[in-house]
Amino acid sequence: MAVESRQLPPTLADGQSKRLLIKRVKGAVRSVLIHAGLIPAAFIFLLPFMWMLSTSLKPDVQFYSYPPVLIPSPLQWSNFPDAVTYITFFLYMRNTLTIAVLATVGVLLSSSLVAYSLARIPWAGRHILFILTLATLMLPFQVTMIPLFIVFKNFGWVNSWLPLIVPHWFGGALYIFLLRQFFMTIPMELSEAARIDGASEFKIYYSILLPLSKPALATVAIFEFIARWRDYIGPLIYLSDQELYTLSLGIYEYQSQYGAEWGLLMAASVMITLPIILLFFFLQKIFVQGIALTGIKG
Amino acid sequence: MATTVVTEGLQRRRLSQGTRHTINGLLFASPWIFGLLAFWIYPTLASAYYSFTKYNGVRDPVWTGIANYVELFTSDGEFLDAVYNTVYFAVVSIPLAIIFAFGLALMLNAKIRAQVVYRTIYFLPTLVPEVALALVWVFIFTPHSGLIAAPFRAFGSRGPCWLTCAEWARPTLVLLALWIIGQQIILYLAGLQDVPQDLYDAADVDGANFFTKFLNVTVPILTPVIFFHLVTSVIGALNFFAIPYIMTGGTGFPANSTLFYSIYLYKNAFHYLEMGYASAMAWLLFMFTLFVTLFIWRSARWWVFYAGGEE
Amino acid sequence: MDTQKMLSRRRFLQVSGLATSAALLAACPAPAAAPADTGGDGDAMMETKKLEAWSRMTDLAQESIKEIIDIYNEQNTMGVELEFVYIAQTQGSQADEKLLTAVAGGTPPALHYADRFTVPQFAHEGFFTDITDFAEAAGVTKELYFDFAWDETVYKGGIYALSFDTDTRALWYNMDIMDEAGVDSSSPPTNLEELMAVTEALTVRDDTGAITRYGFNPIYDQAWLYTWGFGFGGSFQDDDRRITFAHPQNIEAMQFVKSFIDEIGVEDIDAMLAACAGGNCRGENDYFWTGQSAMTCSGNWKVAQHHRYKPDTNYGVVPMPGPDGPAPGASWAGGWSWAVPFGYDDVEAAFDACFYLCGPEGQLKYNKDTFHIPTIKSAAEDPFFSEDPLHAVFMELLPVSHARPPIPLGSKLWDLQVKAFRDEIPHGLKTPEEALTDIDEEINAGLEEIGFFS
């Protein structure tokens, strides 16, 4: 990378080891304080999932007993195998996964290209296009749902996954906006230097911007994957073949007009949540300080 | 890649820089421009047209001029309640969400033990399916018997009425919204990765304390992210839907205190089959949101710092 | 009380369902018009046309409908194949985004499973097809069905749906709790005074005064404005089809409900409703099944739940108590229906399937499988429905049950009355008279505007 890193002034002075010690103590105190702040809040944030997990292991009778039971006894593990046979769970999961992965790949490719145009290329229409992009986020979907359905019907896409995947290959307004913000924090000198060297815009996009924007791209991937994983209204409107259904539709099969299979519903909810927890767990490694470019701000 | 070939070709032909930028800009934006034309233009124009009609979704729309808009402002008390609640929610929840998400992200960015575990935990509520979330919240917030009532009971008190009375319902919903803030935390975490360590080191050398560093290094570099968060949370707050819908079934009880703009819009569209009226509501919301967003955008030049240069 | 049936509800219903379908298959004469060579599979020159039947039903109801559809596919003369399509539905939502979008987009299914209460509205708005001609040709007459069920499927003289099932409402009480609390479980409350006294006797409070076990909640479950109004002898629609929520008896009923709530404590009433938000108290979470409420006003579907969730607890059912003794007329009947959405091209085939589902055979099987009640009079006479002593009480209420006023502003009316009943009146935001008069004014003005009275 053609970036000059600003060096710290040499500090090989006498007081160095003392300063280091103070720094260590300060660091330890700081970390204790941070833990003290994070732990109580973590309990609150853990509650929904813990309650869901606890309920998924409850025998029917303990489900809503008062006072509430947090650790069920005995643990009703059978809710899990029962939940996956009560509905065609794995079929729905495969469908959901397919849609989510394809849409996420598409949205990453397209949105980053568009964001590059808005953030890095000084062309005249970019402000208007940016405002237009924001505007698409502002009109409530409830009133565009029917006309959009008619559009997809004319394409012959109703009762297929196409309406749930293809539009994402043309960009997502939220992600274009997000990536634009991140691209704009990268010094323009980088692009200009590359342009002088004769690099094409695509080359700059591909070999400079993208590698520097890994955290932002990971954020987009997480957001879009979760959005597609949880999308309810899209699959509801466009799919009419149970073979194509997704988990967000399937989860309502545990409920009936007058009752609900609460234990199974919660077991299924746990299983639906796990894949996205795993995805997050691995992707979050990108959010580790130190990979960002150095020394060119200001 | 086709784009590469084209752009290289263009450069060889030595077009003026401005023209080259325009062509490249359009090329890179072309998927989105095409997407807008294919999937956005017609539905948007159609809904604008519906807003001037009486339309239920299936019968031909009947032109009624601005009747829907007039009715909203002159004879619809629920609409005004919904506007009030929505503005209240936006004004109270947005600053809290920014402070809260930013603060947690700072702590979660520190190099501490179990960082990964913490991050995952704070993200969890965002992932729990809505049906399950409804149960959990009820389990916690039910007056008298809910989890949160326990400390009050220890003192022989019943505790607040949470969602069952008008004065507590709105703040309670703000509280619930702050719970699912995981995505915003991620956003700030991603932003924090852009802060060059050597800026901190340089500040250290200057003898800056934590707060000076925070104000002079961290905040300026994160302003593009704050700008994003601000704009999207204005849009999100004005379209606040899922949480009150889960908690009240969209009834607006008690005393319309949980009736929000998009819930009322949704009810008009799909319960009462007043798609024209709902479209008018949608376009009012659209205009208002656009106005606020443009205001924020114009103001951005004073407070948003782009290392890549001015907009 | 007879609670010996130790079979789980599912098993119990599956066995009875199997028996019914076997009996039906055996009893069913081959349709007269069937071609002689139906048995031959190879002769189908034309591809069988696929018809979709959209329904939100899950669980046993879904299984039962699928079985009925299988029977229909075996024997129908239209050369069609009916297919069940499950449509997800958020609980408590009356909105049907999928149907509305599909009809608006011109891709409707052949059949749609509709809450009968919403049929006049969908008919008025043009979402359902008028099937009068086909119904008449098939010999469907008003006399076949109970009046309340028939009236809800007819709009401006046209038939827009066929009714599928119904239900009635009465007072359920937990005999074990009563015995334990020293209340005579063999003489449940018969009038409102007794209801209040028993409620008080069965209520348990903790040291903060908060209720931990409810005797009875007058605005929970099926205790709706309609239930109380009908119980007081009120009515909700006059002969000109105007809405009359402010009927003197309805006002009196709501004044009673308000005083009853005040007696119990509105905070406690609210706490229970809050706990049940989002459909959390359905099924085994119901306060009645968990023993957190000793009595409840509810429907006949609870009989099946009783067998399933609490077979060992003793329960009783009596008609709702009224101001001067039992008020069987407090019961009102709801239920579901099948309709042909607007825009579906082959109405003849769709109707044929619809009439099989909602005809004597389909109804009998479905209602036996699910412990609902048929809307076809002759089917409701089947001894099966009175075998269970608790269900028998509900069957006796059928002839005197009322129905909600069938009007094309059904959703709006439902929302307004829920608001009056569960928010405005209990919280004293409006007096009963004000709240009920406001409903009448808004709905009647709306009906006037769409020309409902002309």
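**First stop: two helices of chain C**

Select residues 347–358 and 360–370 of chain C; these are helix 13 and helix 14, and their axes come within 4 Å and cross at roughly 50 degrees. This is a predicted model. Are the two helices parallel or oblique to each other? Angles of 65 to 115 degrees would count as roughly perpendicular and those under 35 as roughly parallel. Helix 13 and helix 14 of chain C are therefore oblique.

Now show the residues where they meet. On helix 13 of chain C, pick Tyr356(C), Leu357(C) and Cys358(C). Facing them on helix 14 of chain C are Glu361(C), Gly362(C) and Gln363(C). Colour this contact by class: three residues are nonpolar, two polar and one charged.

**Second stop: the five-stranded sheet of chain C**

Stay in chain C and switch to a cartoon view. Look for an open sheet of five strands in the order 2-1-3-14-6, with mixed pairing. Strands of a sheet pair through backbone hydrogen bonds, either parallel or antiparallel.

Start at the edges. Select 80–86 for strand 2 and 162–163 for strand 6 of chain C. Each has a single partner strand, so one side of each is left without a neighbour in the sheet.

Strand 1 of chain C, residues 49–55, runs parallel to strand 2 and pairs with it over seven bridges. To see one bridge, select Glu52(C) and its partner Glu83(C) in strand 2.

Strand 1 of chain C also pairs with strand 3 of chain C, again in the parallel sense, over two bridges. Pick Trp54(C) here; its bridge partner in strand 3 is His112(C).

Move on to strand 14 of chain C, residues 336–339. Strand 3 and strand 14 of chain C pair in the antiparallel sense over four bridges. Asp115(C) has Trp336(C) in strand 14 as its bridge partner.

Select residues 111–115 of chain C. How many of the five residues of strand 3 are buried? Five of the five are, so the strand is largely enclosed by the rest of the structure. Show the side chains next. In a regular strand the side chains alternate between the two faces of the sheet. Leu111(C), Tyr113(C) and Asp115(C) point one way, while His112(C) and Ala114(C) point the other way. All of these are buried.

Colour 9–32, 45–167 and 334–400 as domain 1, then 169–332 and 409–449 as domain 2. Their centres, taken over C-alpha atoms, are separated by 29 Å. At the contact, 22 residues of domain 1 of chain C touch 22 residues of domain 2 of chain C.

Which elements of domain 1 of chain C give two or more residues to this contact? They are helix 1 (9–27), helix 4 (119–125) and helix 17 (389–397) of chain C. Helix 17 of chain C gives the most, with five residues. The domain 1 side has 11 nonpolar, seven polar and four charged residues.

Show chain A beside chain C. This contact takes 26 residues from chain A and 25 residues from chain C. On chain A, helix 5 and helix 11 (233–238) each supply at least two residues. Helix 5 of chain A gives the most, with five residues. By class, the chain A side has 16 nonpolar, seven polar and three charged residues.

**Last stop: domains of chains A and B**

In chain A, colour 17–62 as domain 1 and 84–286 as domain 2. Their C-alpha centres are separated by 31 Å. Six residues of domain 1 of chain A are in contact with six of domain 2 of chain A. The domain 1 side has two nonpolar, two polar and two charged residues.

Finish in chain B. Select 1–50 for domain 1 and 67–303 for domain 2. The C-alpha centres of these two domains of chain B lie 34 Å apart.

Note on methods: Residues numbered from 1 in each chain as written. Chains lettered and ligands numbered in written order. Predicted model: local features only at pLDDT ≥ 70, side-chain atom pairs only at ≥ 80, totals over all residues. Domains from an automatic or database assignment. Axes fitted to C-alpha atoms, helices over the stretch in contact; angles between N-to-C directions. Parallel < 35°, antiparallel > 145°, perpendicular 65-115°, else oblique. Contact = placed C-beta atoms within 7 Å. Nonpolar A, V, L, I, M, F, W, Y, C, P; charged D, E, K, R; others polar. Pairing = 2+ DSSP bridges. Buried ≥ 20, exposed ≤ 12 C-beta atoms within 10 Å, placed from the backbone.
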